[in-house]
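I opened the notebook on this chain with one residue in mind. The entries below follow the order in which I looked things up.

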Amino acid sequence: VHSSTCNPRRAAGVFCLGKISGKVSIKLVNSTNVGGRLVVYYNNTWGTVCDEGWDIRDAHVVCRMLGFHHAIDAKSTAFFGEGAGPVWLSNLQCSGNESDISECSHSGWGVQNCDHNRDVGVVCTEYPQTQYVRLVDGQHP
């Protein structure tokens, strides 16, 4: 049994760039806090996504999965460097309203004709969607 004297002034937080969604987990590598190469964990292996058909609607879904509000840019041609392992997805076709890339159509897992020089990346909004600002004790309602 562990005892703690933790109170709100000693609270800590964690911000993770990754999401597990049933059979798919994603993260950004070669990344800044808000952008990087997209990698997908599928069938116990990390792999990349081909830029064939990749656009801002797909990037919006990825950014929301990572906890951001939306995407600023959908990067292609290995903008954040070339990955390794399988290229898991190609022709990802999201409407932009999905909550998870597993809801988007694609060519099939591992069905592609891409090399890693076409790995995709994203740049997301700087602030996570879970941050809220509330002003209190002001002079005006």
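**Entry 1: a histidine**

I looked up His116 and found it buried, because its relative accessibility is 16%. Buried here means under 20% relative accessible area, exposed over 50%, and partly exposed in between, with a 1.4 Å probe and protein chains only. The model is a predicted one: local features need pLDDT of at least 70, side-chain atom pairs count only at pLDDT 80 or more, and totals for chains, interfaces and linings use all residues. Residues are numbered from 1 along each chain as its sequence is written, and side-chain values use heavy atoms, with hydrogens and water left out.

I then placed the residue. His116 sits in the loop between strand E6 (87-89) and strand E7 (121-124). Helices (H or I, at least four residues) and strands (E, at least two) are DSSP runs, numbered from the N terminus.

Which side chains make polar contacts with the side chain of His116? I noted Thr48, at 3.3 Å. I also noted Asp119, at 3.1 Å. A polar contact is a pair of N or O atoms within 3.5 Å; within protein, one must be able to donate a hydrogen and the other to accept it, and residues adjacent in sequence count only if both atoms are side-chain atoms.

I listed the contacts of His116 too, leaving aside neighbours within four places in sequence: Thr48, Ala78, Glu82, Gly83, Ala84, Gly85, Pro86 and Val87. Contact means heavy atoms within 4.5 Å.

**Entry 2: the chain overall**

I stepped back to the fold.

I checked burial: 39% of the 141 residues count as buried. Of the contacts with a separation of 6 or more, 67% are between residues 24 or more positions apart.

**Entry 3: disulfides**

How many disulfides does the structure hold? I found three. The criterion is a pair of cysteine sulfur atoms within 2.5 Å. Counting bonded cysteines along the chain, the pattern is 1-5, 2-6, 3-4.

I took Cys50 and Cys114, whose S to S distance is 1.7 Å. Cys50 lies in the loop between strand E4 (45-49) and helix H1 (56-65), and Cys114 in the loop between E6 and E7, so this pair ties together parts 64 residues apart in sequence. Cys50 counts as buried at 1% relative accessibility. Cys114 is buried too, at 6%.

I went on to Cys63 and Cys124, joined with an S to S distance of 2.0 Å. Cys63 is in helix H1 and Cys124 in strand E7, so the link ties together parts that are 61 residues apart in sequence. The torsion about this S-S bond is about -85°, so the disulfide is left-handed. Cys63 is buried, with a relative accessible area of 0%. Cys124 is buried, with a relative accessible area of 0%.

I finished with Cys94 and Cys104, whose sulfur atoms are 2.1 Å apart. Both cysteines lie in the loop between E6 and E7, so the pair ties together parts 10 residues apart in sequence. The link of Cys94 and Cys104 is right-handed, with 105° about the S-S bond. Cys94 is buried at 4% relative accessible area, and Cys104 at 5%.

**Entry 4: helix and core**

I turned to the helix. The buried residues of H1 are Asp58, Ala59, Val61, Val62, Cys63 and Met65. Just after H1, I noted Gly67 with a positive phi of about 95°.

Which residues have the most contacts inside the largest nonpolar core? I found Ile26, Leu38, Trp54, Val62, Ile101 and Val122, in a core of 27 residues. Strand E2 (24-29), strand E3 (35-42), H1, E6 and E7 each supply at least two residues of this core. H1 gives the largest share, five residues. A nonpolar core is a set of buried Ala, Val, Leu, Ile, Met, Phe, Trp, Tyr and Cys residues joined through side-chain atoms within 4.5 Å.

Apart from neighbours within four places in sequence, Trp54 is in contact with Leu38, Ala59, Val62, Ala74, Lys75, Leu92, Val120, Gly121 and Val122.
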